[in-house]
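Open the model in your viewer and keep the selection tool at hand. The tour below moves from stop to stop.

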Protein chains: 2
Amino acid sequence: VRKPTVKGVDNAAKSIASILPPTPLFDVEINGVTVFAKAESLQPIGAFKIRGAWHRLSSLSKEERESGVVAFSSGNHAQGVAWAAKRLGIAATIVMPDDAPIAKIQGTQALGAEILFCDRMTESREVIAAALAAERGATLVPSFDDAWVVEGQGSVGIEALDQLAARGLPSPDMVVVCCGGGGLSAGLALACPAARIIIVEPEGWDDMTRSLAEGVIMPVIDNPPHTACDALQTKRVAPLTFDILKARSATGVAVSEADVEAAMRFAFTQLQLVLEPGGAVALAALLSGKVVPTERTLVILSGGNIDAAQFAAVLTRT
Amino acid sequence: VRKPTVKGVDNAAKSIASILPPTPLFDVEINGVTVFAKAESLQPIGAFKIRGAWHRLSSLSKEERESGVVAFSSGNHAQGVAWAAKRLGIAATIVMPDDAPIAKIQGTQALGAEILFCDRMTESREVIAAALAAERGATLVPSFDDAWVVEGQGSVGIEALDQLAARGLPSPDMVVVCCGGGGLSAGLALACPAARIIIVEPEGWDDMTRSLAEGVIMPVIDNPPHTACDALQTKRVAPLTFDILKARSATGVAVSEADVEAAMRFAFTQLQLVLEPGGAVALAALLSGKVVPTERTLVILSGGNIDAAQFAAVLTRT
């Protein structure tokens with residue numbers, strides 16, 4: 001299995017810079033400290049997942065492209081793969097849980113991908129997608145357990161470093177980032193070698209946090225609590241991402257649903273940004289005081305795909 | 001009275017580029033046509049008004065700065081003046097209507113400005129502010145009837161042209177922009193000499209549209225209908241802005257409250273952006289079909305300061 005490399009992240013950053021403008025890097029004051037917030041929610045698909053999907057699909061051979069791709073995703077990776085596939089003329093089939101946000105399902109459909117639904121709790125998306133890929137001779141595009149995907153997600157770090165450098169600012173010494181399977185955080189660990197990496201998960205879904213603390217991969221607890229962070233409900237991380245984070249001595253924290261909602265309201269009021277719950281966890285860790293920022297902290301606002309009714313409910317629960 | 005000039009807009013653009021990063025220019029597909037949407041809602045104060053306020057205040061002499069500034073505003077100009085005043089160390093007093101959105105009042109207060117409230121319908125903000133400025137020897141900073149303010153707002157056009165040029169794209173041949181007093185639209189008319197200028201107002205508040213059609217300034221009708229566009233409730237435009245738009249043969253359209261709400265929901269779903277009603281009118285004109293875009297259309301998403309309860313209500317009225 002090929003492992004993600006720093007060189008691969010650099011290559012991904014160059015490839016992505018040629019097709020997508022940099023997302024904005026906002027100055028956000030949190031308890032008197034200014035942190036740098038990278039608004040990946042403003043990508044064309046509303047999430048950072050466009051990066052890894054583009055790097056993976058654009059690296060496929062002509063023959064592989066002709067056989068199509070299959071992916072499994074709760075929605076953001078689905079839209080990333082659908083976007084890249086449309087742009088490259090590749091047929092894409094996505095296996096999605098049937099309780100995925102309508103916004104994510106519609107976004108994926110609008111990009112021309114075929115969607116197959118499965119039950120989140122009883123069926124394994126991974127197994128269904130793998131079987132489908134094998135049956136069709138298509139390439140499986142995992143959402144995090146893939147060298148190209150990790151490298152692609154890491155390009156956000158290169159982009160942020162470039163934006164800080166253009167302003168005469170030093171590289172971050174702390175990166176605060178959400179974690180589902182660890183693709184984004186592992187990519188950032190490669191992109192930002194001078195930074196302490198802090199991953200953030202929803203309470204009860206903090207398997208990467210516990211895995212990093214124990215030094216071995218541990219799955220999510222049985223019967224985990226409900227979380228609004230549909231994008232972060234990964235049951236078990238992969239050695240590919242875990243090993244990178246472990247080698248960098250990354251640590252994790254868990255945030256509550258109330259922390260996440262407060263962060264979503266903060267982004268609405270202070271930044272005029274729509275964030276989905278999973279896209280707000282890193283900001284929530286800072287706002288709640290669970291992570292104390294340095295003067296050189298980079299935080300990723302990773303996604304903003306959320307149904308209108310759900311967002312309205314969060315806004316009114318002040 | 002000094003009139004705004006193209007040279008002044010260029011100077012404003014240079015000055016503003018030295019303190020504020022460019023706001024994103026998004027590709028937005030509307031009925032099969034890609035238009036370029038400039039997200040001024042992502043300015044630090046959540047609206048384009050930071051531009052004119054900065055250009056006006058940074059152009060004051062040392063003596064003028066020491067005597068402070070006074071402004072009248074429903075909220076976005078207030079925050080722009082407060083932001084620039086704080087950065088330049090100038091004392092700022094703002095006269096605001098007592099029904100201004102709480103988000104705008106709090107934003108202005110957080111920037112350290114003194115606020116005086118007045119009744120929107122019975123008291124004249126302009127008269128109160130002018131009297132206060134005279135009494136204190138302070139400089140009055142009008143929200144649109146001022147050469148520096150118009151030039152500052154026009155800098156958004158220079159910035160958009162630069163962003164399009166960097167992508168190898170031609171200058172816009174159509175600019176669609178909201179209109180309250182006409183500061184932003186007149187500035188854009190100076191910045192984008194090759195473009196047809198289309199201003200957009202809420203129904204019943206379309207005084208600039210009627211003025212341009214008649215060739216003379218006409219006030220808002222008596223007892224205008226309620227509009228959610230608090231930022232666009234100017235009762236009468238000024239010769240300073242009107243003459244520029246008239247000379248460029250600008251025309252206007254009016255959008256309904258339903259058009260505006262649909263545009264706000266579109267921005268939420270498709271762009272992950274929070275827009276206030278007045279900030280969404282130009283987009284509403286395109287989405288509703290009241291303005292048919294060319295292949296080179298620039299639309300300004302001018303502001304995103306709105307109370308949570310109001311935004312939630314718009315999201316749930318699908």
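Over all chains, this predicted model holds 30 salt bridges. Start with one of them. Select A:Glu40 and A:Arg51 and show their side chains. The two meet in a salt bridge, with 2.8 Å from N to O. What does the pair tie together? A:Glu40 lies in the loop between strand 2 (33-39) and helix 2 (49-58) of chain A, while A:Arg51 lies in helix 2 of chain A, so the bridge links parts that are 11 residues apart in sequence.

Next, show chain A and chain B together. How many salt bridges are counted between chain A and chain B? The count is zero. Between them the chains bury about 1,600 Å². Carbon and sulfur atoms carry 71% of that area. Now select A:Leu42, A:Phe268 and A:Gln272. In chain A, these three lose the most area to chain B. Together they make up 38% of what that side buries.

Stay in chain A for two helix pairs. Select residues 257-271, helix 11 of chain A, and residues 277-287, helix 12 of chain A. Their axes are 7 Å apart, and the packing angle is about 95°. Helix 11 of chain A is therefore roughly perpendicular to helix 12 of chain A. Show the side chains where they meet. From helix 11 of chain A come A:Asp259, A:Val260, A:Ala263, A:Met264, A:Phe266 and A:Ala267. Helix 12 of chain A answers with A:Pro277, A:Ala280, A:Val281, A:Leu283, A:Ala284 and A:Leu287. By class, the residues of this contact are 11 nonpolar, no polar and one charged.

Move to residues 207-214 and 239-247: helix 9 and helix 10 of chain A. The axes come within 10 Å and cross at roughly 55°. These two helices are therefore oblique to each other. Helix 9 of chain A passes helix 10 of chain A in a right-handed crossing. On helix 9 of chain A, pick A:Met208, A:Ser211 and A:Leu212. On helix 10 of chain A, pick A:Thr241, A:Phe242, A:Leu245 and A:Lys246. The contact residues divide into four nonpolar, two polar and one charged.

Finish in chain B. Select helix 1 (residues 6-17) and helix 2 (residues 49-58) of chain B. Their axes come within 10 Å, crossing at roughly 95°. That angle makes helix 1 of chain B roughly perpendicular to helix 2 of chain B. Which residues meet here? B:Gly8, B:Asn11, B:Ala12, B:Ser15 and B:Ile16 of helix 1 of chain B face B:Arg51, B:Trp54, B:His55 and B:Ser58 of helix 2 of chain B. This contact has three nonpolar, five polar and one charged residues.

How values were computed. Residues are numbered from 1 along each chain as its sequence is written. Chains are lettered from A and ligands numbered from 1 in the order in which they are written. This is a predicted model: local features need pLDDT of at least 70, side-chain atom pairs count only at pLDDT 80 or more; totals for chains, interfaces and linings use all residues. Side-chain values use heavy atoms; hydrogens and water are left out. Axes are lines fitted to C-alpha atoms, for helices over the stretch in contact, and angles run from 0 to 180 degrees between N-to-C directions. Helices (H or I, at least four residues) and strands (E, at least two) are DSSP runs, numbered from the N terminus. Angles under 35 degrees count as roughly parallel, over 145 as roughly antiparallel, 65 to 115 as roughly perpendicular and the rest as oblique. A crossing is left-handed if the near helix is turned anticlockwise from the far one by less than a right angle, and right-handed if clockwise. Contact means heavy atoms within 4.5 Å. Ala, Val, Leu, Ile, Met, Phe, Trp, Tyr, Cys and Pro count as nonpolar, Asp, Glu, Lys and Arg as charged, and the others, Gly among them, as polar. Buried area is the accessible area (1.4 Å probe) that two parts lose on being put together, summed over both. A salt bridge is a side-chain nitrogen of Lys or Arg within 4 Å of a carboxyl oxygen of Asp or Glu.
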